[in-house]
Amino acid sequence: MGLDIRIPLGVMFTLLGLLLTGFGFFSDPAIYQRSLGIDINLWWGLALLLFGAVMLGFGWRAAGGGTH
Amino acid sequence: MHPREIDWLIMAVYFVFVLGVGYALRRHVKTSTDYFLSGRSIPAWVAGLAFLSANLGAQEVIGMAASGAKYGMATSHFYWVGAVPAMVFLGVFMMPFYYGSQARSVPEYLKLRFDEKTRGLNAISFATMTVFSSGISMYAMGLLLNLLLGWDFDTSVWLSAAVVLIYILLGGLTSAIYNEVLQFFLIVFGFAPLVFLGLKDLGGWQGLTARLAHVATAQGFAPQAWSSTWSQMGDPGSNPMGVEWFGVAMGLGFVLSFGYWCTDFLVVQRAMAAHSMSAARRTPLIAAVPKMLFPFLVIVPGMIAIASTQHTGASGFVLPHKADGTLNYDLSIPMMLSHYFPHGMLGLGLTALLASFMSGMAGNVTAFNTVWTYDIYQAYINRGASDHHYLNMGRVATVFGIGLSVAAAYVANHFNNIMDMLQLLFAFVNAPLFATFLLGMFWKRATGHGAFAGLLSGTAAAALHHGVSLPRGSVPGIKGGWLALLHAYPSEMAQNFWTAIWAFTVCFVVTLAVSLITRPRAENELAGLVYSLTPRLRETDRAWYARPAVLGAGVLAATLLLNLIFW
């Protein structure tokens, strides 16, 4: 009602994705020993970004569909 | 490992969005239906995810992982036997009456189908129960946040209460539902990498089962006891749960599960908020799809935790002990988070936990304010007021509902026993409920007097059964046996399942008997409320694969397959 949940969902996960990828890119590799040597922030941050973008895409398409 | 800047930042983003969503929704709340039922406007997938998340409070997340460590893969019975079939039944068979009768709550359906006293009994016990269970989960949260974030109990309780209060006051049920959707994705994205890292560390599923075999044999069970669901259920002595297949199938799979998923207003409210009958019916079916996969997200981490603990040295992960020397299973998830996640991901994992705490609380509060306003206030205190008056009462109820929960959290903090006793009492009240709904919806002859007498005697039967039985090795008291000791069960879980079976059976038989000797309602009054007097729904507006019966059958087939794979 009124607000399409996909928009806040998309924006929030895009933001979280940016934060994690950014941090993963610049952080000290030594902290990834606990995650078995995988820069989990970088990779999972990208996954969040992708999810956020897909949600935003759906949300915008639905909003645009109403005006056509 | 305490969080640092990046983790706090991630948690802050979540808080900003939760409050922001509430703020954005405030303009859309104009009537009491907007506030309590989201104006019946929610799309099926949103209602479905909310339906699932409303039940997925942090206590559930923490508790399921703890059971995964304690009992292994068989814990998925709580999902594959104890949830999915009941959710399918709700969507396919029961939703037409809940949604079609235009009842605004589960107690109100009882009023329409039976009578005022049956509604009153259900409304009052439900309202009390939700407030206290919200308090109990707030108490658990206070303890956990103290451990994970270093916040003290007061800060945790008051801060989360304030956040939930603000967003429910602003957006009502819609706020709660939207936050539940955010929480669903946070849990998925927060826990999936945890399971991935844990499994990778132990050498995949093979490595996990190999280590679990040691866990099982060390405790005197067959090697596959921790990694199978049914194969050790022939005898209660051969599995760590101490239950047998009949108790699981009847007690958990039928009575407890249908009693919760099909009659608890906390979850049913989400489906009632859907925008159409077809969306309402698909709500629990859509929820069932992630529900059947959730064991891999919430139970497997516990199994990983116990497997690593058994093999100290391999990865350096060990579950801590409690003061009494037993392993502290409740710490499975928190310990796993801080063991495998670097800063950054740690923030995401903690946010997922915070989100499930808050949305669990919000779910209780929205169910409470609706039942209070419609089924207690409007029914017994102030009958003919304006819609605007009831909307305001809903807001007032939100404030005192949260206030009572906070009070209950403090009571729980000081007198743990009182809370245990209350939970036991609620279990007695809930146990017979499904018999009442089953007869009400599918037998037109069932009467209000029958339902009321059935509920009371079912509750009495539950209490009586608890009073004369005891889990082996316990002392008489809160665990049972406070009247006499007639039967000893192999475990507390077995005792719970059988208490439920007794309560259901007695309620069923008494409702049947009393209904037969009391006067039934005229058939024309029951149209839309009882199966045989309601025209069949023809769902021709949707593609064949989106019809409830087809979706339901598909979900059941997939669940059956999971049971066979992990037999």
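**Exercise 1.** Determine which ring the charged end of Arg26(B) sits over.

Solution. The criterion is that NZ of Lys or CZ of Arg is within 6 Å of the ring centre and within 35 degrees of the ring normal. The charged end of Arg26(B) sits over the ring of Tyr23(B), 3.9 Å from its centre. Arg104(B) likewise lies over the face of Tyr374(B), with 3.6 Å to the ring centre.

This is a predicted model, in which local features need pLDDT of at least 70 and side-chain atom pairs count only at pLDDT 80 or more, while totals for chains, interfaces and linings use all residues. Residues are numbered from 1 along each chain as its sequence is written, chains are lettered from A and ligands numbered from 1 in the order in which they are written, and side-chain values use heavy atoms, leaving out hydrogens and water.

**Exercise 2.** Classify the ring pair of Phe184(B) and Phe185(B).

Solution. Rings of Phe, Tyr and Trp (its six-membered ring) pair if their centres lie within 6.5 Å; planes under 30 degrees apart count as stacked, over 60 as edge-to-face and the rest as tilted. Over all chains, the whole structure holds 44 aromatic pairs. In one of them, Phe13(A) and Phe51(A), the centres are 5.2 Å apart and the planes at 90 degrees, so this pair is edge-to-face. Both residues, Phe13(A) and Phe51(A), are buried (under 20% relative accessible area; exposed is over 50%, partly exposed in between, with a 1.4 Å probe and protein chains only). For Phe184(B) and Phe185(B), the centres are 5.0 Å apart and the planes at 80 degrees, so the pair is edge-to-face.
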